[in-house]
Structure formats: structure tokens, C-alpha cells
Amino acid sequence: MKYNIIRGFLILTILNFYQISQAQTNPYYITNQPPLHPQQYTALPLGSIYPKGWLLEMLELQRNGLTSNLDSVYAEVCGPTNAWLGGNGDAWERGPYWLDGLVPLAYILDDPQLKNKAKQWIEWSLTHQRDDGYFGPQPPAKALPYVKGVQNTDHEDWWPKMVMLKVLQQYYTATEDKRVLQLMSRYFKYMLKQLPQQPLDHWTFWGAQRGGDNLAVVYWLYNITRESFLIELGDLIYKQTTPWKSIFTDGTMARINPYPQFHCVNVAQGIKTPAIYFQRTGDSSYLRSVKTGLETIRNVHGFANGMYGADENMHGNDPTQGSELCSAVEMMFSFESLLPITGDVAYADYLEKIAFNVLPAQHNDNFTLRQYFQQPNQIKITYDHHNFFDENDGRLAMGLLTGYPCCTANMHQGYPKYIQNLWYASADEGVAALVYGSSEVTLKVRGGHTVSFSEETNYPFEDRIRFKYTANKAVEMPFHLRIPAWCQQASITINGKPEQQPKGNQVIVINRIWNPGDVIELHLPMEISTSRWAENSIAIERGPILYALKISEEWKSKKNNDFPQAYNEVLPKSPWNYGITEDAIKNRQFNVIQNKLVAAMPWNLKNAPISITVKGKRLDQWKEYNHSAGKLPVSRVASNGAKEETITLIPYGCTTLRISEFPVTD
């Protein structure tokens, strides 16, 4: 079996940090300054990258769907009464969560209407900072009346400000509005003064568990202003943050009876924290702890789609356990944070795994409904109770507010931030294409020259990526290309002439003089690989895509007395209880069928660009239990004489109902 990127995370991932300790510092962009450890890559200003192809379509769907309309369809929280606009409404995380996706969407699309909508919130924060440096909603002088769905607070919780700091950081990179730097400097001085008496977990535990997000913005500001107190503040924040480094390495995450009491989103955000602080220490043990943590989560709680059982607490690896949408987009952001710090290919591979499988499967085609939880083996979506730790308000149903509303506000960052991390500036003053998708980029490179590249591809549905140098002058500079770990051997041509045939799991750097019209073509052959999961079940992958059983669907709009808002249930219209035959796996009897065209919106049953057929058998003994697929039959399971059939698998992200971890049958 071919190496699986998650299973081999520790063993086969080359620690190719490109000698970070000796790295140069890019002079054109915000990057680490002494005493912070140099980083190999640095993020580009918001708006430097413009998507094309299906990635652009996803942003257009967001613009026409919830991302541009949340203040009207969810007005009780994100409307004009929100406390982040000076009202007496919701004062916690959901307004900033929404902006964390709205701001990058607005500036990537260069949409004046969306920019103005976001600026209303940003202006309120910039113009209402308290004299002592605190910013954000003020605790009310007296208790406010209870309004269902609105979360008022009588304290100055650190956590919601961490989200708004991310919003302001993005806004600054797009506009260079110096008021952002002034606000942050004053607020961080306030934090330095207050944290000894009111630590990150003084008000709620969220601040301590998610302190890495705060720390990252402190370092970002330091790299601009060089104010020495920010290094001191960073040390204090890390000291008060949940000790993720030890949690990931001391066996805590491997506990199964009982499961560790960690919230799914906290883990997704916490996974980057040791690497954030590595920038201060230069101690590689902080980087190793992230790998150990990810490997442990994969082994004990992991799914083939890259997520983990946690609904909402950690909950093992049964493929009928849930994973939260907030966890998916926060995992993506963690990998987007880890990649430029480390230069490690594994984090780009992992980012694509979530982006191409989990994310598109957890919202509807129009980006107007979402699931709070999704299941890797999901045979129907109903309001019914399931075997989750936290199960109420239809947490599996497809709706606007089903489950808990945090995901309604937080899901918007997924696609815009993925696009914003397609390209980086490199420490050697070049350009780096580390995450793939059809796009255009403009940036400064060696010698201060402004250059541009276009990227044309239907990746991940095809294995060829074409880069064209579109600037109008010749420039000498390095071009960095990632070769994913799942690719055994790639090929690179320049202007049609063979350049290299590199092995997978590395970054290739091409130094040359680039002339207008030069074309690089990267070929990443995608072979089918298999991996083993719960009860020795098998998953089928090809390149970065996981494949799942194609199940016909029936969507129904529903209401009930417990939840008055309309939501959607999805029921199966074809059988789901199939195993894949041992002979088919052993003899690699997989037939790949590719469509000639990739639809603008490829992520649904109708438009699935690729399918794989394989022999399977229907297992009558595998039945529904507790509104989910019953206990996974242990491979190798007897088929009780069932007739062999040809079953069709399609990309996981194209499914709503699915089996993605299959029993193996005789």
C-alpha cells in the first residue's frame, strides 16, 4: 500500500525546515525580526492573490450566500444591535467570527459593498478604544434582559478580542491603516498590566486554551513596531496558555477510557501553539510536539478525512462520531499558520486534505445552510439524537442555526483564507507556490521588482498545474514548488523542456532568470492508495482526495416544536451498507473515471468530476443503529453469500451521505 500522509506523519515526514536558523529575512513583507526565529515563508498582504476556477466560484457563492447576508438572516446576533457595533446585543465571539471571513472575502474580491459592511465593525473598534487600552464591548452597567440566542457578558473576557485582533490584522495588510497598530499597541500594554491579576482563564477557559491565537498577533505586531514590551507580553501569554506542548507529548491525547476532556475546537486551535512559541525559543522540541500531537490524534481519534471524533469533546475514531465545522476551519487556519513558520510540506498536505474533503461536505451548494457536525460514515441526516457527547437542537441537521450558532458565524474563513495562503513570499526573496489552486498573484521579489504569476489548474481533480510568468520584464529570482508527500515522483518542465523529476515530500527551488511568458508545468501523478482505520476498515484515496460511496439523496425541509426554524433532513435513496472485497483491494481493481470538464461548482453528486468503481458486497448484517450506521463490521467480514456488485465512489467533498471507511469483505 502506498504511504498515507496522515499515517506516516512522524516517520516519513522529512524535517525539511530548510535550515530556518540560517534563513534570510525577506525585506519586503512583515516577517520575523530578532529575537524571533527567522521563518522560511511569509504571508502576502490581503488582496495580493485572486482566485480563478472553482475557487472563485466558492467565493461567489459565499458573496451571494450567508457571508454577505448574515447581518440580515441572523440579525438578532449579527445585526445592528451587536455590542461590537455599540449596541446592547451579543457581545461575544460570533460577530468577530463572521468578520474573520467577511474581511478576507471582501478584499480578495475587491468588493466595495462587502468592504463597507466590514468597515462598520472595524471603525467602531478603532474609534471606541478605552483610555486604558481596552477595546471591544463594554460590560453593561446593569443586567440586560434575556434574549434567546444572544450572549451578553458582565466581564471583559479575553477570548473574543483574540478573534477581533485577527480581523484587524487582516484589515491592516489590505489597507495599512495605522490606527490598527495604535490600537493593538495600546491594548497589548493593557494586557501586560492586567494579565498578572486577570490571567487568560480568569473569565472563561476559552482564553487560556486559545491563547496561541493571541500570541501570534503579538509577534506579528512586534515584527512591525519592534516594541520590546511585546516580547515580554508574549512570554506571559504563553505561560498562561494551556500547555499544549506537554499535552501533545505526555500521552494525554491517547487516553481512551475515559476520553480526554478537551473541546474539539480548542484542540484545532491549540495544535499550532507550540510552533507559534517556537519562534521565540528556537527549540525544535516545540515543533516535534505538534507532530506528536497530530499523530496521536490520528491514531486514537482520527478519521480518514483528516478530522477526528470530537462531538464536542474528544470521542474516539468510530466513523459515526461527529466533527464540528468550527474545528475544520480552525484546523485549516492552524496549518496555514504552521506552514510559513516551518516550511514543512506536511502542513500543506494536511491543509489540502481538510479543504478538499471536509469543508465542502459540511455546507450546502448555495452556502446558505451548514451542518454543525458531520460524520465520515453518514447514512442519513436527521434531527434525531445520535451517539454524541453534545447532542441537542439537531446537531447533524442541515440548517442555519441547528446545533450551536458558532459555526454559522465561523465557517466563512475557510475558503478565503485557503486562497490567501496559496502563495507566499520566500525568505530568499522569491515566490513560493506551496498550496495549489487556480489563481493569480502579484508580489515583490529580489531587487524590489514587482512580478506576477498565474496558476491554471483544475487541481485537485487533475494532476497538472501550469504556472505562467505574466510580468512584463525579466527578473532573476527563486521559485519554490511543493511536491506533496502522496506523490511518488513528480515532473517539472519549463517552456516545454524537462527540468526535474523530484520525489515527493519536499519543496523544489528553481533559480533562474524569468522572462515574460515563461511557463512552468508541474505534473503530480495521482495514484490510488489505501489506509486502515477503525475496526481495520479501509479508506480509498487518490492524491489529496478521499473517496466515498455515492449514495442517492432525498432532501426534505422540516420544522418541529423544539426547533421552530426550518432545517433540512437528507435521507438515503440507495443502499449504503457495502463492504469492499478483499480481492479488489489485494489486486488493486480500481477503475478511475474522469470527466472531461470540471463544473464551476464541482462539490456535489451531480457534478462530481471523478469517480472510482470497485467490487463490493452488500452486508445485510450491517444495519442502522441509533439513527446512524451500526457498529462497523470488523474486517475481514463474511458476506453471507452476498452477490458481488460494482460500487461507485466519488470525492468525499461531493457527498452529503456517504461511507468513507469501509469494512473489507470476503
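**Questions on the model**

Me: In which helix does Gln170 lie?
Reply: Helices here are DSSP runs of H or I with at least four residues, and strands are runs of E with at least two; both are numbered from the N terminus. Gln170 falls within residues 158-175, and that is helix 6.

Me: What do the numbers rest on?
Reply: Residues are numbered from 1 along each chain as its sequence is written, and side-chain values use heavy atoms, with hydrogens and water left out. The model is predicted: local features need pLDDT of at least 70, side-chain atom pairs count only at pLDDT 80 or more, and totals for chains, interfaces and linings use all residues.

Me: Is Gln170 buried or exposed?
Reply: Buried means under 20% relative accessible area, exposed means over 50%, and partly exposed is in between (1.4 Å probe, protein chains only). Gln170 has a relative accessible area of 13%, so Gln170 is buried.

Me: Which residues is Gln170 in contact with, leaving aside neighbours within four places in sequence?
Reply: Contact means heavy atoms within 4.5 Å. With those neighbours left out, the partners of Gln170 are Leu46, Asp100, Val103, Pro104 and Lys417.

Me: How many disulfides are there?
Reply: A disulfide is a pair of cysteine sulfur atoms within 2.5 Å. By this rule the count is zero. Cys264 is in none, as its nearest cysteine sulfur, that of Cys326, is 7.8 Å away.

Me: How many bridges join strand 24 to strand 27?
Reply: Two strands pair if DSSP finds at least two bridges between them. Strand 24 (residues 610-618) and strand 27 run antiparallel. Val614 stands opposite Ile647 in strand 27. The bridges between these strands number six.

Me: Which residue in strand 27 does Ala548 stand opposite?
Reply: Strand 19 (residues 545-549) runs antiparallel to strand 27 (residues 644-651), with three bridges. Opposite Ala548 stands Ile650.

Me: How far apart are the end C-alpha atoms of helix 10?
Reply: The expected span of a helix is 1.5 Å times one less than its number of residues. The twelve residues of helix 10 (residues 229-240) should therefore span 16 Å. The model agrees, with the end C-alpha atoms 17 Å apart.

Me: How many residues of helix 10 are buried?
Reply: Helix 10 is mostly covered. What covers its buried residues includes helix 7 (178-194) and helix 14 (284-301).
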